[in-house]
Amino acid sequence: MKEKAMLGARHLLAWHECSDTEWERMVHDAVDEYHGRLRAPRLHRRHIGLVFFNPSLRTLTSMEVAANRLGASSSTIIPGRGTWDFEWRQGVVMDGDRAEHIHEAIGVLSRYYDALGVRAFASGTDYASDRDETRFKAILAAATVPVINLESAFYHPCQALADAATLHEHFSGAQQGKRFVLAWAFHPKALPMAVPNSALLMAARMGMQVTIARPEGFELDAGVMARARQYAAARGQSVTETTDLSAAAADADVIYTKAWGSALAYESREQETMLRQRLRQWRVTAVLMARTNAAAFMHCLPVRRNVVVDDAVIDSPNAIHLLQAEFRLHAQVAILARILG
Ligand code: CP
């Protein structure tokens, strides 16, 4: 696996594009920011544009606060709400509802802002295109300033850095070798894979012993799995998979739960829905948590209570999801400081 220095290109698409040294430095910067000891540069007179093609609570607000904390200004752009609708397709005759092409939109915004953050989820219809990050790469191609991925088709690097820093804080830096279970959960809809992909890569790169508990048909992408296994092997650990959630929970130190859709959804939404309807028992319960090694419960949020996780778990002292959400802010301060500092 060839790694290049992060921010050599100055964009942040996914952490696997940066070296281990850069990744570890970013984790430490986020932890230092949490403890109020990050010596971050002032970003006075810097302006950050935040483009959200999809909804957000945490990412949107924490990016605004992070920019403000560093002395920069930010503005949030929601395409189609107060702006023109943007066209993504190349070579298309634009005689429909979409009045502005992403190429011009991002090109224009690049002339106003010093950096852009962009959230553009998976298409959900073209797996190869989503895996190749075609949409996000179109943004990068049009941008002339650094772009931060605020969740794309396959990766959510801001979440991953926050999760890594949360684990570092929770285990006081001794997370190496701890048992991390990425637990699939039922959800009424097929959700994107950006968070589970990023959580898997993050935990493996943090040197944790990773188990993915998921039903048949909900395998993560083979390329992401291979990269995670490489990270784990380089740290003397492994990544295993099981369809037995209860067995996976035994002696776990972290239960990180997340719903995601089957790759089947790309081919047949109906078939995927039928498959998931039989999987409602995939939920984090107090009984499951009792099997663990007093595991920390993590979730990126938003979460559906009593569908994904029971009240008894998320309201328990073992739930660190709010600390995890707080770390979104600290992680993004660290990211903005590195990219614009
Ligand atoms: N975890 C996360 O990205 O939350 P939002 O979708 O609310 O930004």
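This report describes the domains of a predicted model and the site of its ligand.

## Basis of the model

Local features require pLDDT of at least 70 and side-chain atom pairs pLDDT 80 or more, while totals for chains, interfaces and linings use all residues. Residues are numbered from 1 along each chain as its sequence is written, and side-chain values use heavy atoms, with hydrogens and water left out.

## Domain arrangement

The domain assignment, automatic or from a database, gives domain 1 (15-155 + 328-340) and domain 2 (159-325). Their C-alpha centres lie 25 Å apart. In contact terms (heavy atoms within 4.5 Å), 31 residues of domain 1 meet 33 residues of domain 2.

## Ligand surroundings

Both domain 1 and domain 2 give residues to the shell around the ligand, so the ligand lies between them. The surrounding residues (a heavy atom within 4 Å of the ligand) are Ser-56, Leu-57, Arg-58, Thr-59, Arg-119, His-156, Gln-159, Cys-300, Leu-301 and Arg-328.

## Polar contacts and cover

Polar contacts are pairs of N or O atoms within 3.5 Å. A backbone N or O atom of Leu-57 is 2.7 Å from a ligand oxygen atom, and a polar side-chain atom of Arg-328 is 3.2 Å from an oxygen atom of the ligand. A polar backbone atom of Cys-300 lies 3.0 Å from a nitrogen atom of the ligand. Of the 260 Å² of accessible area that the ligand has on its own, the protein covers 94% (Shrake-Rupley method, 1.4 Å probe).

Note on methods: Polar contact = N/O pair within 3.5 Å; in protein donor to acceptor, adjacent residues only side chain to side chain.
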